[in-house]
Structure formats: C-alpha cells, structure tokens
Amino acid sequence: MIKKSVNKKRIIRWSVLVLLIAGIGLVRGNSSWGEWYALHLYPVVSAFFSFFSSWVPFSLGDLFILLIVSGGVGYAVYGLWKGRSVKLMFVRLLEGAGWIYVWFYMAWGMNYFREDFYTRSGVGQVRYNPANFQQFLENYLTGLNAAYESAGDTVTLFYPTIELQEVAAEIKKGYSEVDSCFGLLSPREEMLPKPMLFSRSMSKMSILGYMGPFFSEFNLNTELPFIQYPSCYAHELAHRLGISSEAEANLYAYMICIRSSSPIVRFSGYFSLLGYVMQNARNLLPESEFQKVVKQLNPGIVALYKEESAYWRSRYSARIGNAQEYLYNLFLKGNRVQSGVKNYSEVIGLLISYEQYRIGETGYADLKRLEKEYLKAVEDARMVDSTK
C-alpha cells in the first residue's frame with residue numbers, strides 16, 4: 001500500500017513537471033504569450049518572491065545556487081558511497097533539475113520570450129549609415145564631454161560625491177518617468193540591489209552585476225568602482241523590471257542616467273557606453289576619421305577609461321572568463337537572443353533608431369531649433385515672473 005502511494009505521488013509530480021515544461025516551451029515559441037507573461041504574470045510572481053528576499057541583506061540567489069550545486073554533488077557522492085542505484089539517483093537529480101528549470105522560467109526567465117524592443121515600442125529599426133552614425137556620434141561626444149566637465153575634472157574611478165541612496169532615488173525616479181510603451185514594470189520601494197556573495201570570483205569573469213531570477217533580486221559586484229555604480233544599478237534594475245535583452249537594459253541605463261539631475265549619475269550614463277561607441281566608430285569609420293573622434297574626447301575621459309580597463313584586467317582570469325563567456329553565449333542563444341553576448345553592443349543600434357524615432361519628420365536641425373526656442377521661452381517666462 002505504501003509503495004503504491006509513493007508511486008502515485010511520483011507519477012503526479014512528474015506529470016505536473018512535464019506539463020509545466022511543455023507550457024514553457026509553448027510560450028518560448030509565441031512572443032505574444034511571452035508579452036502577456038511579462039505584463040500580467042511576472043509582476044505577481046516577482047512581487048511574491050521579492051516580499052521575502054527584501055528582508056535579507058545579501059543575495060539569496062547566490063546562496064541558493066551554492067546550496068543546489070553542493071547538495072547535488074553531495075547527494076551523488078553519498079549515494080555512490082552507500083551503494084545506491086545509479087539509475088535512481090540520476091532520475092531524482094533529473095527531477096530536481098527540472099523543477100529548478102521551471103522555477104527559473106516562471107519566476108523571471110520567460111521575459112526572454114516577450115516581443116522585441118521595436119515591436120513593443122513602435123520604434124522603427126534604422127540601419128547604420130554614415131549620416132545617422134555621425135549625427136549620433138556628434139551628440140554623444142558633446143554630451144559625454146559636457147557631463148565630464150559638469151561632474152568635475154578631478155573625477156576618478158572611486159568618486160563618492162553623492163550617497164548611494166541618492167543614486168537609488170535618481171534611478172527609480174527616472175524609471176518612473178519612462179514611457180509605458182516600453183513595457184517596463186514600475187519600480188517599487190523594496191527594489192534594492194543586493195551585494196554579491198562572491199564578488200571576487202565574479203570579477204574574474206568581469207561580471208559587474210546580474211539579475212537573480214529565483215528570488216527577484218538584482219545583484220551588484222562589491223568591487224564595482226563608484227563611477228560605474230549608477231549605470232550598472234540602472235542596467236540591472238531594467239532586468240528586474242522585466243527586460244531580458246542586454247542591449248535594451250544598456251539603453252534604459254543610458255537614457256535614465258543622462259537625464260538625471262546629478263552630474264555624476266549623468267556622467268556614469270555617458271561613460272557606460274564609451275567602449276561600445278568607440279568600438280562601433282573603429283569598425284565604421286576610416287582610421288583617419290576614427291583618430292579625429294579620439295581627439296575630440298577630453299583627455300581626462302581617456303585617462304579614466306584606461307584606468308577602468310586596467311582595474312578590471314587586474315582582476316580578470318582569462319581561463320575562467322572565457323569559459324563563462326562561452327557558456328553565457330550558448331545560454332543567450334538558447335533563449336532567443338540570436339547574437340549571444342554580442343547583444344550588449346547592439347545598444348548603439350537601438351539608440352540610433354530611438355533618436356531617429358524622436359526626431360521624426362522634423363529633421364535634426366529643426367528639432368534643435370525648436371528645443372532652443374522652447375528653452376528661451378521658458379527663461380523669458382521666468383524673468384517676467386521674477387519682476388512681478
């Protein structure tokens with residue numbers, strides 16, 4: 001009787017597990033279902049998990065992964081030592097892996113299957129051409145240099161001019177003003193970053209932060225230089241708000257930071273894209289033109305970028321980093337991110353498309369003229385009010 005009862009429970013467990021995995025497979029192949037998940041189911045599930053995880057000051061996800069790996073290895077070693085059936089142990093480990101798979105996708109992972117940025121936002125995808133890239137480059141370099149001067153020409157990697165709470169307030173304020181067409185959740189008070197438990201190991205793989213899907217956490221490396229903190233904060237919060245694309249998370253981090261009232265947050269936003277911008281410029285421009293672009297950069301920014309690169313190189317392990325990049329590349333491609341780890345750098349294409357979308361049919365020159373006229377009208381109105 002007991003054996004029949006155990007077998008019945010096992011059959012029910014496996015049946016439910018197979019149905020859930022099949023359901024995830026169906027969502028994987030239908031972006032409209034993925035979008036429904038992101039807008040309706042994910043907010044409920046993430047709120048449930050974050051209610052519990054928000055009470056813990058460290059990353060529950062890190063601890064969970066450590067326990068799962070060590071528990072699985074320990075179970076296999078103990079079973080072999082006791083002479084238990086290898087087949088039975090394999091089936092149990094397979095079932096455990098299946099439930100973790102379901103947990104991952106139900107808690108956050110199905111955000112990979114939602115509609116892409118262009119479909120959700122209505123922004124038309126614009127292909128690179130010399131004119132639109134030069135226009136973007138001019139705007140970016142002007143903004144980057146201005147942000148650096150505004151933040152102060154003594155900016156260093158560890159430049160704590162404002163409290164971390166102020167950074168959090170600025171980032172959340174920015175996300176609360178993002179257009180609803182992008183399909184992000186609204187940031188809530190308990191959405192705070194967790195420190196990684198194994199930051200030194202993560203630095204060996206150049207991982208600055210990541211989304212912890214199992215408990216709706218987003219985690220930041222404790223070795224992160226302050227100058228990168230605001231943009232990394234905004235990037236990982238984008239993942240927490242339902243964005244799986246690395247390029248899109250980079251886009252929101254940039255957009256949120258450069259609109260901040262804090263000079264250092266603005267500069268962090270511009271600085272976060274410097275590597276991607278220069279990589280695209282090198283690939284798209286003749287060498288002579290590329291060197292002209294380099295000369296337009298404030299020398300202090302160039303020095304800061306070299307210092308940042310050296311800082312992370314000193315912590316990086318090629319063997320571990322290359323293995324992690326290879327596995328993450330496979331993971332992204334397996335989740336409908338066809339470009340894999342190259343997805344990060346695709347933020348420039350998103351930005352160019354978005355800028356063209358905002359300009360619309362007015363033309364860039366007309367847009368800048370209208371902006372100047374608007375700002376002058378606002379200033380005139382303030383002067384009139386001050387004389388009353």
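Select helix α2 (residues 31-53) and helix α4 (residues 86-107), which pack at an angle of about 115 degrees with their axes 9 Å apart; α2 and α4 are therefore roughly perpendicular to each other. Angles of 65 to 115 degrees count as roughly perpendicular, under 35 as roughly parallel, over 145 as roughly antiparallel, and the rest as oblique. Axes are lines fitted to C-alpha atoms, for helices over the stretch in contact, and angles run from 0 to 180 degrees between N-to-C directions. Helices are DSSP runs (H or I, at least four residues), numbered from the N terminus.

This is a predicted model, in which local features need pLDDT of at least 70 and side-chain atom pairs count only at pLDDT 80 or more, while totals for chains, interfaces and linings use all residues. Residues are numbered from 1 along each chain as its sequence is written, and side-chain values use heavy atoms, with hydrogens and water left out.

Now show the side chains between α2 and α4. Tyr-37, Leu-41, Tyr-42, Val-45 and Phe-49 of α2 meet Trp-103, Tyr-105, Met-106 and Ala-107 of α4, where contact means heavy atoms within 4.5 Å. This contact has 9 nonpolar residues, no polar and no charged. Ala, Val, Leu, Ile, Met, Phe, Trp, Tyr, Cys and Pro count as nonpolar, Asp, Glu, Lys and Arg as charged, and the others, Gly among them, as polar.

Next, select α7 (residues 164-176) and α9 (residues 229-240). Their axes come within 10 Å and cross at roughly 45 degrees, so α7 and α9 are oblique to each other. On α7 the contact includes Leu-164, Val-167 and Lys-172, and on α9 Tyr-229, Pro-230 and Leu-237 are among the residues involved. By class, 11 residues of the contact are nonpolar, none is polar and 1 is charged.

Move on to α6 (residues 130-151) and α11 (residues 263-272), packed at about 145 degrees with axes 8 Å apart. The crossing of α6 and α11 is left-handed. Among the contact residues are Tyr-140 and Leu-144 of α6 and Arg-266 and Phe-267 of α11. The contact has 10 nonpolar, 2 polar and 1 charged residues.

Finish at helix α5, residues 117-121. α5 gives the most to the lining of the second largest pocket, with 3 residues. The lining divides into 9 nonpolar, 11 polar and 8 charged residues.

Terms used. Helices (H or I, at least four residues) and strands (E, at least two) are DSSP runs, numbered from the N terminus. A crossing is left-handed if the near helix is turned anticlockwise from the far one by less than a right angle, and right-handed if clockwise.
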